[in-house]
Amino acid sequence: VNALYRRAEPVRLFCWERLAGTFHGSGCTLASAVAAFLAHGFEAFDAIAEAQQYTWETLKAGFKPGTGQSIPDRLVRLRRP
């Protein structure tokens, strides 16, 4: 569960299915995605919601290049049919 706090507005909660395993790169993926959606003109709430959806998709499609943590597959949306 992620929570968005904004002055004079109710808290907005985002609930995501918990994925098994450990990941490296989830925080920077989310931060970069928020910045990208804001740069594309999304309002803050929508940018955050879209960025979280994108990040969750990258983690679900994540892969292990070795024996350590999984990393996000940031190209997952390019592979959609």
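Mentor: Before we start, a polar contact here is a pair of N or O atoms within 3.5 Å, where within protein one must be able to donate a hydrogen and the other to accept it. Keep in mind, too, that this is a predicted model.

Trainee: Thanks! With which side chain does the side chain of Glu57 make a polar contact?

Mentor: Setting aside neighbours within four places in sequence, Glu57 is in contact with Val76, Arg77 and Arg80. Among these, the polar contact between side chains, at 2.9 Å, is with Arg77.

Trainee: Does Glu57 count as buried or exposed?

Mentor: Buried means under 20% relative accessible area. Glu57 has 16% relative accessibility, so the residue counts as buried.

Trainee: How far does H2 reach from its first C-alpha to its last?

Mentor: H2 has 17 residues, and 24 Å is expected at 1.5 Å a residue. The span in the model is close to that, at 24 Å.

Trainee: Nice. Which helix gives the most to the lining of the largest pocket?

Mentor: The largest pocket holds about 390 Å³ of space. Of its 16 lining residues, those closest to the centre are Glu17, Arg18, Leu19, Trp56 and Leu59. H1 and H2 each supply at least two residues of the lining. The most, four residues, comes from H2.

Conventions:
Residues numbered from 1 in each chain as written. Predicted model: local features only at pLDDT ≥ 70, side-chain atom pairs only at ≥ 80, totals over all residues. Heavy atoms only, no water. Buried < 20%, exposed > 50% of the residue type's maximum accessible area, 1.4 Å probe, protein only. Contact = heavy atoms within 4.5 Å. Expected span 1.5 Å × (residues − 1). 1 Å grid on protein atoms, 1.4 Å probe; cavity = no way out; pocket = protein on both sides within 12 Å on 5 of 7 lines; lining within 4 Å. Points joined across faces, edges and corners; volume = space filled by probe spheres on them.
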